[in-house]
Amino acid sequence: MSLGLHIAIDDQISTPLIRAGQYARKPEMRKVMGRGVANDLRQHFSKLDQERPNEMGGRRTHFWGQARRSVQNPVLLDADTVSVSINQVGVAQRYYGGDIYAQPGKALSLPARAEAYGKRPGEFTDLHIEVFKEHDLAALVQNDQTSLSIRKKKGGGRTVKRGEEQGGGVFFWLVKRVTQDGDPSVLPTDAELRLAAYNAGLDYFALLVARINEGRS
């Protein structure tokens, strides 16, 4: 699910611009203010990408870097509103929170260790399902296996040395539903977004005034 932000250019945000010359409601000004919002979102997501690595360690998916690249250019909706969309699936879920359900007959797979983070169960070939009835849990567990050390002999042939036993660890927990808490900090505050629009509008107006003054000189 993508997320759309609609910034209304009302008197509270545009009055200083209106006093400067009635530019705030012109289409080009609203687009500039929308770009200010889009750039603020991109900067916010870049910061999250730096500050929020995955909790388990291991390979990063750079979810917030993908969110930054998914921020769309502003679109005018009406005389007072500009829209900026974030097309990264999962941003809205993290912002609002709520329940995530598995499809009928299937289960959600939650990574249980660093090696599983950012991957799908199908990417592993050595996992099997185990059910822990006493805990009402199921998991994808790595098969037991033995490591082997193989060396070539000088005169030909090979020697095989048995190594340590490994495997048996849980890679994914299998569940029917997950409840995720909402996290408003994944987006800038409304005040920050409005300020970004306001500052972009003022900068653009200052540029227009400078051009007019150059033409008069």
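1. Salt bridges. The search of the whole structure, a predicted model, finds two salt bridges. The term denotes a side-chain nitrogen of Lys or Arg within 4 Å of a carboxyl oxygen of Asp or Glu. Side chains of opposite charge can pair when their charged atoms come close.

2. Basis of the model. Residues are numbered from 1 along each chain as its sequence is written, and side-chain values use heavy atoms, with hydrogens and water left out. Because the model is predicted, local features need pLDDT of at least 70 and side-chain atom pairs count only at pLDDT 80 or more, whereas totals for chains, interfaces and linings use all residues.

3. The bridge between Asp183 and Arg52. In this pair the closest N and O atoms are 3.2 Å apart. Asp183 lies in the loop between strand S11 (177-180) and H5, and Arg52 in the loop between H2 and H3, so the pair ties together parts that are 131 residues apart in sequence. Helices (H or I, at least four residues) and strands (E, at least two) are DSSP runs, numbered from the N terminus. Asp183 is partly exposed, with a relative accessible area of 26%, and Arg52 is partly exposed at 32%. Here buried means under 20% relative accessible area, exposed over 50%, and partly exposed in between (1.4 Å probe, protein chains only).

4. The bridge between Glu115 and Arg113. These side chains meet at 3.3 Å, N to O. Glu115 is partly exposed, with a relative accessible area of 41%; Arg113 is also partly exposed, at 27%.

5. The largest nonpolar core. A nonpolar core is a set of buried Ala, Val, Leu, Ile, Met, Phe, Trp, Tyr and Cys residues joined through side-chain atoms within 4.5 Å. The largest one has 23 residues, of which Leu41, Phe45, Trp64, Val71, Ile86, Val91 and Leu187 touch the most other members. At least two residues of this core come from each of helix H2 (27-51), helix H3 (63-70), strand S3 (81-86) and helix H5 (190-216). H2 gives the largest share, eight residues. Apart from this core lies another, of eight residues, including Ala116, Leu127, Leu140 and Phe172.

6. Leaving aside residues up to four places away in sequence, Val71 touches Ala38, Leu41, Arg42, Phe45, Val84, Ser85 and Ile86; contact means heavy atoms within 4.5 Å. In H3, Phe63, Trp64, Gly65, Ala67 and Ser70 are buried. The buried residues of H3 pack against H2, S3 and helix H4 (91-96).

7. His62. This residue is found in the loop between H2 and H3. His62 has a positive phi of about 50°, although it is not a glycine. Most residues other than glycine have a negative phi. His62 counts as partly exposed, with a relative accessible area of 36%.

8. Asn199. The place of Asn199 is in helix H5, and its 35% relative accessibility makes it partly exposed. Asn199 and Gly36 are 163 residues apart in sequence and 7.6 Å apart in space, C-alpha to C-alpha.

9. Confidence. The mean pLDDT (the predictor's confidence in each residue, from 0 to 100) of the chain is 81, and 75% of its residues reach 70 or more. Confidence is lowest in helix H1 (residues 11-21), at a mean of 48, and highest in H3, at 93.
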